[in-house]
Amino acid sequence: MFGTDTPETTPGKMEARKELRMHRRDEARIRAAAAATGLQEADFIRQAALLRVQEIERQLSLSVLPEDAFAAFRDAVDAPGQVQPGLAQAAKASAGRLRDDD
């Protein structure tokens with residue numbers, strides 16, 4: 001998903017429809033760009049939209065911290081763990097009650 005100019009597409013039959021309005025000048029630019037890439041206009045627009053989706057998903061999946069906050073986070077992650085008595089007791093009490101449903 002990261003660092004690609006090829007959008008991730010969903011396989012299978014396309015059943016959803018979208019209609020959009022645009023300026024004629026934009027339509028002409030899209031038509032020309034689609035023709036230059038050998039794509040139909042609908043495919044060109046869909047790919048452009050999916051590339052933008054991937055860009056936004058990538059931005060939403062990143063956490064950006066100031067340097068000092070990241071250093072504090074890293075130190076906390078690297079610090080030795082501590083037993084939390086209440087949590088340990090709850091884990092023992094629930095032993096065997098949970099299972100994976102594969």
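## Salt bridges and an aromatic pair

Arg52 counts as partly exposed, at 43% relative accessibility (buried is under 20%, exposed over 50% and partly exposed in between, with a 1.4 Å probe and protein chains only). This is a predicted model, in which local features need pLDDT of at least 70 and side-chain atom pairs count only at pLDDT 80 or more, while totals for chains, interfaces and linings use all residues. Residues are numbered from 1 along each chain as its sequence is written, and side-chain values use heavy atoms, leaving out hydrogens and water.

The structure holds four salt bridges, each being a side-chain nitrogen of Lys or Arg within 4 Å of a carboxyl oxygen of Asp or Glu; among them are these:

| Pair | Closest N and O atoms |
|---|---|
| Glu27 and Arg31 | 3.3 Å |
| Arg46 and Asp43 | 2.1 Å |

Arg52 and Glu55 are separated by about one helical turn because they stand three residues apart in helix H2 (helices are DSSP runs of H or I with at least four residues, numbered from the N terminus). Glu55 is partly exposed, with a relative accessible area of 31%. Salt bridges that share partners join Glu27, Arg31 and Glu41 into one network.

By the ring rule (centres of Phe, Tyr or Trp rings, for Trp the six-membered one, within 6.5 Å; planes under 30 degrees apart stacked, over 60 edge-to-face, the rest tilted), there is one aromatic pair. The ring centres of Phe70 and Phe73 lie 6.4 Å apart with planes at 40 degrees, so this pair is tilted. Both residues belong to helix H3 (residues 67–78).

Terms used
Helices (H or I, at least four residues) and strands (E, at least two) are DSSP runs, numbered from the N terminus.
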